[in-house]
Amino acid sequence: MKKVLSLIVIAAMALSLAGCGGSGTQATTAGTEAKAGTEKQSEEKEAPAAEGGEILIGCLQDITGSTSALGMSVQAGAQAAVDEINANGGINGKTLKMNTYDTKGDVTEAVNAYITAVTVDQVKLIVGPPVANIANAIKETSEGYDVPIMGLAMDPACQLKEDGTAYKNMFCFQPSATTQGEIMAAFAVKNGLKTFGVLYNQENSYSVSLLNPFLDELGENGITVEDKLIVAYGAADTDYKTLLQPIVSAGVDAVYCPNYTQQLVAIVTAASELGYEGKIIAGLDAAPAFNTTYGGDCSNVYYINNINTEDGATAEKAAAVEDKISAVNKYFLGYDIVKVAEKCLAENGDGDVAALREKIANISGFSGLTGTINIDPNTHMPKDMGMFMYTYDNQTPVMLEEFSN
């Protein structure tokens with residue numbers, strides 16, 4: 001039945017594309033490449049072409065929508081790795097090509113794009129999104145196919161079923177929300193913070209996934225957060241001053257805000273207007289370009305990051321792209337995924353995608369820009385991978401300490 005349905009889907013899409021006079025996928029990719037700038041296009045023209053055919057991969061990202069800054073940054077890093085690979089002769093003599101599929105921040109769009117990529121375009125693998133809501137939307141559908149999704153959604157529910165076994169095609173290439181929440185709490189305790197409030201988005205998988213690991217780690221250190229100081233909100237709630245008021249009034253040492261950048265900017269603004277002088281602990285989305293988006297003094301903000309900008313080579317790469325993209329850490333993550341994919345595709349040769357999936361599940365000791373990548377074949381997430389805690393000196397990022405899980 002699945003094969004029959006797939007054939008129907010393929011036929012319908014083919015008719016649709018024929019009626020439009022071209023491929024929607026190609027149009028999306030072309031639009032994305034246009035955003036990357038003419039400099040990159042010139043570099044691609046000058047790169048020596050590999051001989052012996054083509055390997056097609058997909059990139060499933062929010063290119064438009066509220067989290068487009070994240071998706072476009074991942075896409076840019078992934079494309080940079082593709083260009084580099086092709087400039088060095090491709091993979092086993094074949095040119096690597098990447099089609100980008102815009103999820104538009106919508107779960108239905110994401111599922112349809114995934115089906116198009118694996119059935120119509122027949123990509124070998126997909127560079128997946130950093131957005132947990134999108135990854136959660138496609139995980140069940142992906143079980144019906146063999147194409148691996150090398151993503152960044154750190155909510156363990158994106159990779160693991162309720163029985164604890166892994167979705168066969170779902171992979172994450174940054175430490176899980178469990179690890180990141182524990183690191184942020186351990187850092188806070190180590191730096192003498194004792195009382196906390198929490199403001200999180202109960203409708204967002206990313207925000208929810210970071211809540212309990214943080215609270216549990218505080219509990220391991222003898223710190224309990226009062227229920228009244230754990231404030232949940234939804235998409236319709238935009239009065240952050242009212243939401244924050246009980247937390248600020250309690251005079252807590254720190255407010256934990258695991259939220260996306262746009263909401264985080266509004267929350268930090270509201271806290272400042274309320275006269276809050278404590279610390280604000282945020283996740284990855286308080287990394288640049290949070291500072292420039294916020295525009296004010298960020299010196300009371302702590303955040304976790306995938307990269308160490310105190311490292312000379314990392315800082316040089318970051319400086320080369322920071323004026324072209326919004327989220328430098330997502331750029332590095334997208335780059336690393338494609339470089340891991342290069343290794344697995346080269347080793348897999350002409351093997352099928354199921355064999356490729358097994359190689360990805362067992363990647364070990366891969367030295368990337370974001371650290372050493374070891375995928376646990378049981379969880380499809382990294383193990384023993386470090387993260388870095390940062391703050392700002394006004395608006396300048398300052399790396400403070402490395403933590404490992």
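Analyst: At the start of helix 13, a side-chain oxygen of Asp-311 comes to within 3.3 Å of the backbone nitrogen of Ala-313. This is a polar contact, a pair of N or O atoms within 3.5 Å; within protein, one atom must be able to donate a hydrogen and the other to accept it, and residues adjacent in sequence count only if both atoms are side-chain atoms. Helices (H or I, at least four residues) and strands (E, at least two) are DSSP runs, numbered from the N terminus. The model is predicted: local features need pLDDT of at least 70 and side-chain atom pairs pLDDT 80 or more, while totals for chains, interfaces and linings use all residues. Residues are numbered from 1 along each chain as its sequence is written, and side-chain values use heavy atoms, with hydrogens and water left out.

User: Which residues of helix 13 are buried, and why are they on the same side?

Analyst: Buried means under 20% relative accessible area, exposed over 50%, and partly exposed in between (1.4 Å probe, protein chains only). In helix 13 (residues 312-321), the buried residues are Thr-314, Ala-318 and Val-321. They lie on the same side of helix 13 because they cover an arc of only 70 degrees around the axis, the arc being that of the directions from the helix axis to the C-beta atoms. These buried residues pack against helix 14 (328-348), where contact means heavy atoms within 4.5 Å. The face turned away from the buried side carries the exposed residues Gly-312, Ala-313 and Glu-316.

User: Is Ser-73 buried or exposed, and which residues does Ser-73 touch?

Analyst: Ser-73, found in helix 4, is buried, with a relative accessible area of 1%. Its side chain reaches the backbone oxygen of Ala-69 at 2.7 Å. Not counting residues up to four places away in sequence, Ser-73 touches Ile-325, Ser-326, Ala-327, Lys-330 and Tyr-331.

User: How many salt bridges does a search of the whole structure find?

Analyst: Side chains of opposite charge can pair when their charged atoms come close. A salt bridge is a side-chain nitrogen of Lys or Arg within 4 Å of a carboxyl oxygen of Asp or Glu, and the search finds 11. One of them joins Lys-343 and Glu-347 (2.9 Å, N to O). Both residues lie in helix 14, four residues apart, about one turn of the helix. Lys-343 is partly exposed at 34% relative accessibility, and Glu-347 is partly exposed at 45%. Salt bridges that share partners also join Glu-84, Lys-339 and Glu-342 into one network.
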